[in-house]
Amino acid sequence: MSEQFSRTEMLIGKDGIEKLKNSKVAIFGIGGVGSYVVEALARAGVGSFILVDNDEVSISNLNRQIIATTKTIGKPKVEVAKERILEINPEANVEIYQEFFMPETEGIIDESVSYIVDAIDTVTAKIELVLRANKLNIPIISSMGTGNKLDPTRFEVTDIYKTSVCPLAKVMRKELKQKAIKKLKVVYSKEEPIKVEKDETTKKQVPGSTSFVPSVAGLIIAGEVVKDII
């Protein structure tokens, strides 16, 4: 028994550890939610990762992303996350793509992927990921909105068609229905979003966030991925 995963093995057995070691999880979006998915899966013993994110760590990420520290500001998120995975488990395999996943994006996922995690914000990209997962018959879990919320105890794991309240889930339900997608496992919150002021300088509606809401969604997602794999 590897000392590193011995505590986990007590709960999921040697078989479970082996399944995780032989699995490959693709995580799209390494932000407030995705960075915690990566963290928990690396510590659980997942053997191979595909990380996809176009962004660099910025100072405004410090309040919620586990990869964001004053030392990592300005570095590509996928590179920081890869380094972190390898510091936790040097035997892990990590492929990184510093790009913005869109419907025209080619490659990245194929039949070798065991699970897809959608932790991206853009609806078109989220829909495309679900379509590809369905086509390749790969299990997928999708994060709904975690911004503008303060209560981490309100998250639920359910099917997209059973969601309510969440504005992002509403858009996803409509889009997926039009594309004849029958089901999608999601993590969403029934908490009403808090109304926040527009950013004065950019005039954009930037969502507010905390250290303890997106992170919880990410950890719930990681738990679902691990349970489904084993």
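Predicted model: local features only at pLDDT ≥ 70, side-chain atom pairs only at ≥ 80, totals over all residues.
**Helices α4 and α5**
- The crossing of α4 past α5 is right-handed.
- On the α4 side, the contact is made by Val123, Lys126, Ile127 and Val130.
- On the α5 side, Leu168, Val171, Met172, Glu175 and Leu176 make the contact.
- By class, the residues of this contact between α4 and α5 are seven nonpolar and two charged, with no polar residue.

**Helices α2 and α6**
- Helix α6 covers residues 214–229 and packs with α2 at an angle of about 40°, the axes being 7 Å apart.
- That angle makes α2 oblique to α6.
- α2 passes α6 in a crossing that is right-handed.
- From α2, the contact takes in Tyr36, Val37, Ala40, Leu41 and Ala44.
- From α6, Ser215, Gly218, Leu219, Ile221, Ala222, Val225 and Val226 take part in the contact.
- The contact of α2 with α6 has 10 nonpolar residues and two polar ones, and no charged residue.

**Helices α2 and α3**
- The angle between α2 and α3 is about 25°, and their axes are 9 Å apart.
- Angles under 35 degrees count as roughly parallel, so α2 is roughly parallel to α3.
- Here too the crossing is described by its hand: α2 passes α3 in a right-handed crossing.
- Val38, Glu39, Ala42 and Arg43 of α2 meet Arg84, Ile85 and Ile88 of α3 in this contact.
- The residues of the contact of α2 with α3 comprise four nonpolar and three charged, with no polar residue.

**The cavity**
- One cavity of 30 Å³ or more is found in a search of the whole structure.
- The largest cavity holds about 40 Å³ of space.
- Its lining is made up of Ser35, Val38, Glu39, Ala42, Ile66, Ile67, Ala81, Arg84, Ile85 and Ile88.
- Helices α2 (34–44) and α3 (77–88) are the elements that give two or more residues to this lining.
- Val38, Glu39 and Ala42 of α2, together with Arg84, Ile85 and Ile88 of α3, belong both to the contact of these two helices and to the lining of the largest cavity.
- Sorted by class, the lining of the largest cavity contains seven nonpolar residues, one polar residue and two charged residues.

**The largest pocket**
- The volume of the largest pocket is about 1,200 Å³.
- Its lining consists of 42 residues.
- Nearest the centre of the largest pocket lie Arg64, Ala119, Ile120, Asp121 and Pro207.
- The lining of the largest pocket is divided into 16 nonpolar, 17 polar and nine charged residues.

How values were computed. Residues numbered from 1 in each chain as written. Heavy atoms only, no water. 1 Å grid on protein atoms, 1.4 Å probe; cavity = no way out; pocket = protein on both sides within 12 Å on 5 of 7 lines; lining within 4 Å. Points joined across faces, edges and corners; volume = space filled by probe spheres on them. Nonpolar A, V, L, I, M, F, W, Y, C, P; charged D, E, K, R; others polar. Left-handed = near helix turned anticlockwise from the far one by under 90°. Helix = DSSP H or I, 4+ residues; strand = E, 2+ residues; numbered from the N terminus. Contact = heavy atoms within 4.5 Å. Axes fitted to C-alpha atoms, helices over the stretch in contact; angles between N-to-C directions. Parallel < 35°, antiparallel > 145°, perpendicular 65-115°, else oblique.
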